[in-house]
Amino acid sequence: MKLTRTSDLWWKNAVVYCLDVETFADGNGDGCGDFRGLIQNIDHLDRLGDTCLWLMPFYPTPDRDDGYDIVDFYGVDPRLGTHGDLVELIRTANDRGMRVIADLVVNHTSAQHPWFQDARSSPDSPYRDWYVWQDEPPADGPQGVVFPDQETSLWQYDEKAGQYYLHRFYKHQPDLDVANPEVRDEIARIMGFWMQVGLSGFRVDAVPFLLETAGQDDAGALPDPHDYLADLAAFLRRRNGEAVLLGEVNLPYPDTMPFFGARDGAGTTDELTMCFDFVGMQQMYLSLARADAEPLANALRQRPDPPEDGHWATFVRNHDELTLDKLTDAQRAEVFAAFGPDEDMQLYGRGLRRRLPSMLGGDERRIRMVYSLLFSLPGTPVLFYGEEIGMVEDLSLPGRFAVRSDMDWAAAREQTRDPGSLLSWMRLLVDSYRACPELAWGSYTVLDPGPEARPVFAHRCDADGTTVVALHNFADAEVRAEPVLTGLPGAELVDVLDPGAKPLRLDDEGRASVLLEPYACRWFRTVGSMGTSAH
């Protein structure tokens with residue numbers, strides 16, 4: 001049955017900010033970040049303009065995988081605080097117009113979780129079937145080791161259980177069997193619990209792995225995994241019609257679209273509300289490496305439109321390595337050569353353990369241009385903590401921890417009252433993004449920037465009779481862009497980021513002529529147009 005969605009689609013123009021409580025702010029002086037420290041610094045996020053906090057795992061954990069190995073899905077790690085501290089954070093954030101979502105990590109548990117300890121104790125354990133067991137690793141089982149530097153197989157023999165268990169990630173993270181109705185019910189209870197505490201949704205970790213059934217004896221008879229995801233989403237929205245599921249789905253566009261749902265021609269999401277645009281992100285870095293906007297432009301021309309109440313989530317960096325797995329080997333080598341030539345900067349042969357400012361050599365022009373691009377691209381922008389102040393990685397830390405170092409509050413305080421700082425620029429971008437609903441709600445068109453402007457990414461967003469045009473120069477050279485804006489002959493272009501700049505006028509064919517300095521970024525709103533065109 002098709003349901004009419006009447007809830008506020010707040011995620012369409014949200015600004016999402018991801019942080020790890022453990023590394024964000026220490027409120028009690030014990031050397032570990034905590035909820036108290038986050039609450040004390042909530043105004044930093046408020047002034048930046050964030051409207052949604054995404055909390056990385058804060059659950060009790062042996063901490064062998066930065067909290068993604070969980071021993072209690074209903075608890076709060078005592079190093080970080082208490083349930084009461086979390087409730088106070090949610091209340092404080094809500095008072096400032098911010099919603100709070102958290103990581104939902106239910107593909108696996110810690111091997112120390114009581115469920116797994118009970119499961120391995122006996123074939124008759126009520127938790128035995130909560131995990132995936134085999135007498136021998138099956139030939140038709142799942143393939144591909146996620147951490148090739150740490151693991152050589154997806155199956156680990158357990159002496160006590162006398163069988164092999166599946167682990168898509170580390171061997172100390174056995175996979176849950178989501179085909180088991182009891183596991184499904186438990187995941188719903190976990191979600192319902194945290195929704196009752198006050199969360200507005202979840203970022204769902206490793207969604208394709210969560211739904212995987214390969215290697216199970218009854219795989220052919222199992223229900224459609226997408227039906228389960230739809231059931232989970234329906235449960236969530238019954239509890240809160242405005243709740244969001246933000247999915248980590250690192251797949252090509254055609255393979256990602258089914259995770260939105262929108263089956264049977266409904267046109268609305270019935271699974272994930274948003275999916276990260278991994279393809280567009282990776283092509284952006286290829287464009288940066290080549291000083292050529294075409295890879296990004298081509299990706300966005302091919303990117304399917306999400307369902308009417310869904311959205312793509314766009315990002316520059318996240319808490320993992322900068323994965324480049326959707327590029328060809330030759331393309332990946334280009335990006336490595338440009339932004340991570342040293343072997344110590346690379347990870348798993350597929351990505352970089354670096355943050356943007358150091359990858360761009362600290363070039364403030366390029367850094368500002370990239371974040372301007374993030375906030376003007378069609379999709380919901382997601383920031384990783386420290387991006388707003390230009391934090392760099394710490395390569396002395398192992399693996400992914402290089403980009404998960406402690407928040408640099410000294411830099412934040414230094415920049416907060418400096419109108420020329422990166423932080424001030426980010427605040428301007430957030431304000432401008434919020435003032436341009438066309439970017440979030442409109443239809444978009446990738447524009448031809450003109451015959452001499454290959455380094456320029458140009459696009460327009462149209463909504464309710466108004467148009468915003470954005471131009472970004474990927475080259476360290478002056479470029480004249482001449483995009484044609486059909487349906488807008490004679491309109492004026494008013495500068496959004498610099499309202500004092502002299503407006504530009506389109507010619508009778510709707511052509512703009514804009515001289516862009518090296519790594520320049522310009523946003524324009526049209527005034528006096530005769531109409532708009534749609535994507």
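Two strands count as paired if DSSP finds at least two bridges between them. In this predicted model, two bridges connect β12 with strand β13, which covers residues 351–352, and the two strands run antiparallel. Gln-346 has Leu-352 of β13 as its bridge partner.

These strands belong to an open sheet of three strands, ordered β11-β13-β12 and paired in antiparallel fashion. Its edge strands are β11 (322–323) and β12 (346–347), each of which pairs on one side only. In general, the strands of a sheet pair through backbone hydrogen bonds, in either a parallel or an antiparallel manner.

## Two residues with positive phi

Most residues other than glycine have a negative phi. Tyr-348 has a positive phi, near 60°, and is not a glycine. Tyr-348 is found in the loop between β12 and β13. Is Tyr-348 buried or exposed? Its relative accessibility is 19%, so Tyr-348 counts as buried, the cut-off being under 20%.

Ala-206 also is a residue other than glycine with a positive phi, here of about 50°. The loop that holds Ala-206 lies between β7 (201–204) and α7 (207–210). Ala-206 counts as buried because its relative accessibility is 6%.

Rolling a probe the size of a water molecule over the atoms shows where empty space is left. How many cavities of 30 Å³ or more does the structure hold? There are seven of them. The largest cavity contains about 90 Å³ of space. Its lining consists of Asp-277, Gly-280, Met-281, Met-284, Leu-296, Leu-300, Thr-314, Phe-315, Leu-374 and Leu-377. By class, seven of these lining residues are nonpolar, two are polar and one is charged. At least two lining residues come from each of α10 (278–290), α11 (294–302) and β10 (311–315). The largest share, three residues, is supplied by α10.

The second largest cavity has a volume of about 60 Å³. Among the residues that line the second largest cavity are Asp-20, Glu-22, Pro-57, Phe-58, Tyr-59, Asp-77 and Arg-79. The lining of this second largest cavity divides into six charged, four nonpolar and two polar residues.

In soluble globular proteins, nonpolar side chains tend to be buried together. Here the largest nonpolar core has 148 residues, and the members that touch the most others are Tyr-17, Phe-24, Leu-55, Phe-58, Tyr-285 and Phe-457. Apart from this core lies another, of 18 residues, which includes Val-469, Val-479, Leu-485 and Leu-493.

Leaving aside residues up to four places away in sequence, Tyr-17 touches several residues, including Phe-24, Leu-45, Leu-48, Trp-54, Leu-383, Tyr-385 and Met-407. Asp-50 and Glu-388 are also among the residues that Tyr-17 touches.

## Helix α6 and Val-197

Val-197 belongs to helix α6, which covers residues 181–197. Which residues does Val-197 touch, not counting residues up to four places away in sequence? They are Leu-86, Val-87 and Ile-90. Val-197 and Asp-65 are separated by 132 residues in sequence, and their C-alpha atoms are 25 Å apart in space.

Note on methods: Residues are numbered from 1 along each chain as its sequence is written. This is a predicted model: local features need pLDDT of at least 70, side-chain atom pairs count only at pLDDT 80 or more; totals for chains, interfaces and linings use all residues. Side-chain values use heavy atoms; hydrogens and water are left out. Helices (H or I, at least four residues) and strands (E, at least two) are DSSP runs, numbered from the N terminus. On a 1 Å grid over the protein atoms alone, a cavity is a set of points where a 1.4 Å probe fits but cannot get out, and a pocket is an open set with protein on both sides within 12 Å along at least five of seven lines; lining residues have an atom within 4 Å of a point. Grid points are joined across faces, edges and corners, and a volume is the space filled by probe spheres set on the points. Ala, Val, Leu, Ile, Met, Phe, Trp, Tyr, Cys and Pro count as nonpolar, Asp, Glu, Lys and Arg as charged, and the others, Gly among them, as polar. A nonpolar core is a set of buried Ala, Val, Leu, Ile, Met, Phe, Trp, Tyr and Cys residues joined through side-chain atoms within 4.5 Å. Buried means under 20% relative accessible area, exposed over 50%, partly exposed in between (1.4 Å probe, protein chains only). Contact means heavy atoms within 4.5 Å.
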